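Reader: I am new to this structure and would like to learn how to read it. Please take one feature at a time.

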Amino acid sequence: MTPRGPVTEYQSRPSGPSVPDAISADQLDPEARSALNSLPNDLADSVARYLVAAELEEDPEKGYAYTQAAKRLAARVGVVREACGIAAYRTGRWAEALSELRAARRMTGRDDYLPIMADCERALGRLDRALALVHEANAEALNRAMQIELLIVESGIRRDQGHTDAAVLALHVPELTSGRLRPWSARLFYAYADALLAAGRAEDARDMFARAAAADTGGETDAADRLDELDGIEFEDLAESEDLEDLESLAEAEELEAPEAVAAPEAVAAPEAVAAPEDGAG
């Protein structure tokens with residue numbers, strides 16, 4: 001018998017989602033781009049394009065797919081694991097997001113991920129762990145945006161714990177009344193409105209939802225909808241409303257054109273109103 005040599009199996013690497021041609025590696029944030037310098041140039045460009053595509057993608061699931069493709073190419077790069085964690089968070093994969101962001105934190109030594117990590121713990125129902133992560137952060141080392149994000153998460157945790165007054169107090173920051181809008185003002189106003197509403201302060205909550213709606217020029221929150229709910233405003237479907245008006249006009253026209261009824265020896269009951277079809281009801 002002729003001895004057989006070792007069998008070599010060639011498996012092609014799974015291909016990732018197609019990145020639009022218009023996306024280039026140069027669009028990646030310079031700091032993130034520098035984090036890819038340890039990779040060969042061609043590989044760094046491929047990873048960068050996946051990360052840019054993920055950031056620009058409006059569909060959370062497609063964005064998640066882009067980050068997974070980047071991870072297959074460069075799983076040991078902190079900025080890649082960060083992108084994977086954020087993408088997982090946006091799709092509601094709380095445990096996975098937490099795992100990825102823990103890895104990113106170990107690789108980079110940065111605490112920027114703590115607000116999202118704490119919110120993941122909160123979403124998983126582990127409120128004590130979530131609060132511990134909030135308090136673990138060195139607030140002085142974080143920029144103001146990250147500090148506010150931590151306070152927003154802490155307020156939500158306090159609400160979940162049933163400590164509504166503490167949820168309100170957590171967001172008592174100067175930016176509530178400074179009059180100057182920041183990129184995160186809408187989120188701050190919205191979270192404060194939620195806390196006020198949970199504390200039974202509906203009027204104050206309504207005012208704050210109004211401020212959040214005015215500040216939210218990018219549609220980041222549903223503050224306008226929450227404001228309408230508090231005001232008791234309900235919008236009818238225009239198509240259904242127009243259908244109903246057409247039916248009413250038709251009924252009035254038929255009533256005007258109908259001949260007068262002939263009197264019968266006995267009293268004639270008044271004709272019942274014609275019911276509108278169910279699918280035309282308002």
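Author: Start with burial, where buried means under 20% relative accessible area, exposed over 50%, and partly exposed in between, with a 1.4 Å probe and protein chains only. Phe209 has a relative accessible area of 0%, so Phe209 is buried. This is a predicted model, in which local features need pLDDT of at least 70 and side-chain atom pairs count only at pLDDT 80 or more, while totals for chains, interfaces and linings use all residues. Residues are numbered from 1 along each chain as its sequence is written, and side-chain values use heavy atoms, with hydrogens and water left out.

Reader: Which ring pairs with that of Phe209, and how is the pair classed?

Author: Rings of Phe, Tyr and Trp (its six-membered ring) pair if their centres lie within 6.5 Å; planes under 30 degrees apart count as stacked, over 60 as edge-to-face and the rest as tilted. The partner is Tyr190: the two ring centres are 5.4 Å apart and the planes stand at 75°, so the pair is edge-to-face. Tyr190 belongs to helix H10 (residues 185-198) and Phe209 to helix H11, 19 residues apart, and the pair thus links distant parts of the chain. Tyr190 is buried, at a relative accessible area of 16%.

Reader: How many aromatic pairs are there by this rule?

Author: The count is three. One of them joins Tyr89 and Trp94, edge-to-face, with 5.6 Å from centre to centre and 70° between the planes. Tyr89 is partly exposed at 23% relative accessible area, and Trp94 is partly exposed at 30%.

Reader: Where does a charge sit over a ring?

Author: The test is that NZ of Lys or CZ of Arg is within 6 Å of the ring centre and within 35 degrees of the ring normal. Arg211 places its charged end over the ring of Phe189, 4.3 Å from the centre. Arg93 lies over the face of Tyr64, 3.9 Å from that ring centre.

Reader: How many helices and strands does the protein have?

Author: Helices (H or I, at least four residues) and strands (E, at least two) are DSSP runs, numbered from the N terminus. The protein has 13 helices and zero strands. Helix H11 covers residues 202-215 and includes Asp207. Asp207 is partly exposed, with a relative accessible area of 43%. Between Asp207 and Ala193 there are 7.9 Å in space, C-alpha to C-alpha, and 14 residues in sequence.

Reader: Why is H4 described as largely enclosed?

Author: Of its 13 residues, 10 are buried, so H4 is largely enclosed by the rest of the structure. Among the buried ones are Val79, Val80, Arg81 and Glu82. With contact meaning heavy atoms within 4.5 Å, the buried residues of H4 pack against helix H1 (30-34), helix H2 (41-56), helix H3 (60-73) and helix H5 (94-108).

Reader: Is Cys84 buried or exposed?

Author: Cys84 counts as buried, at 0% relative accessibility, and Cys120 is also at 0% and counts as buried. A disulfide is a pair of cysteine sulfur atoms within 2.5 Å; by this rule the count is zero.

Reader: What share of the protein's residues is buried?

Author: Buried residues make up 34% of the 282 residues.
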